Amino acid sequence: MTAALVAGLGYLLLAVGLLFVLVAAVGLLRLPDVYCRCHALGKAFTLGINSLLLGLWCKLGEPQIGLKVLLVVFFLFVTIPVSTHLLT
């Protein structure tokens, strides 16, 4: 029962992450200037890639990978918004 819930959560996180990455790509193509594009990429891509990583962790089901995934998520939450801010 628990494995099915974790697998379902993994699929849900992967779908949400894919949706956010798709929204970031559409924002990159549709928004008019560089500031709006950086804002769309900074917000949507950060949430999308982190949701994908957490969904991958749920799907793999190995607790040893958890610390590495959480460190990568923290690193991405810190660096992506700062880098988009510095570029604009």
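User: What makes Leu13, Leu14, Val16 and Gly17 count as touching Ser51?
Analyst: Contact means heavy atoms within 4.5 Å, and Ser51 touches Leu13, Leu14, Val16 and Gly17, leaving aside residues up to four places away in sequence. This is a predicted model, where local features need pLDDT of at least 70, side-chain atom pairs count only at pLDDT 80 or more, and totals for chains, interfaces and linings use all residues. Residues are numbered from 1 along each chain as its sequence is written, and side-chain values use heavy atoms, with hydrogens and water left out.

User: Why is Ser51 called buried?
Analyst: Buried means under 20% relative accessible area, exposed over 50%, and partly exposed in between (1.4 Å probe, protein chains only). Ser51 has 12% relative accessibility, so Ser51 counts as buried.

User: What makes up the largest nonpolar core?
Analyst: A nonpolar core is a set of buried Ala, Val, Leu, Ile, Met, Phe, Trp, Tyr and Cys residues joined through side-chain atoms within 4.5 Å. Here the largest one has five residues: Leu53, Val69, Val73, Leu76 and Ile80. Helix 3 (residues 66-87) gives the most to this core, with four residues; helices are DSSP runs (H or I, at least four residues), numbered from the N terminus.

User: Which residues does Val69 touch?
Analyst: Not counting residues up to four places away in sequence, Val69 touches Leu53, Leu54 and Trp57.

Technical notes: Helix = DSSP H or I, 4+ residues; strand = E, 2+ residues; numbered from the N terminus.
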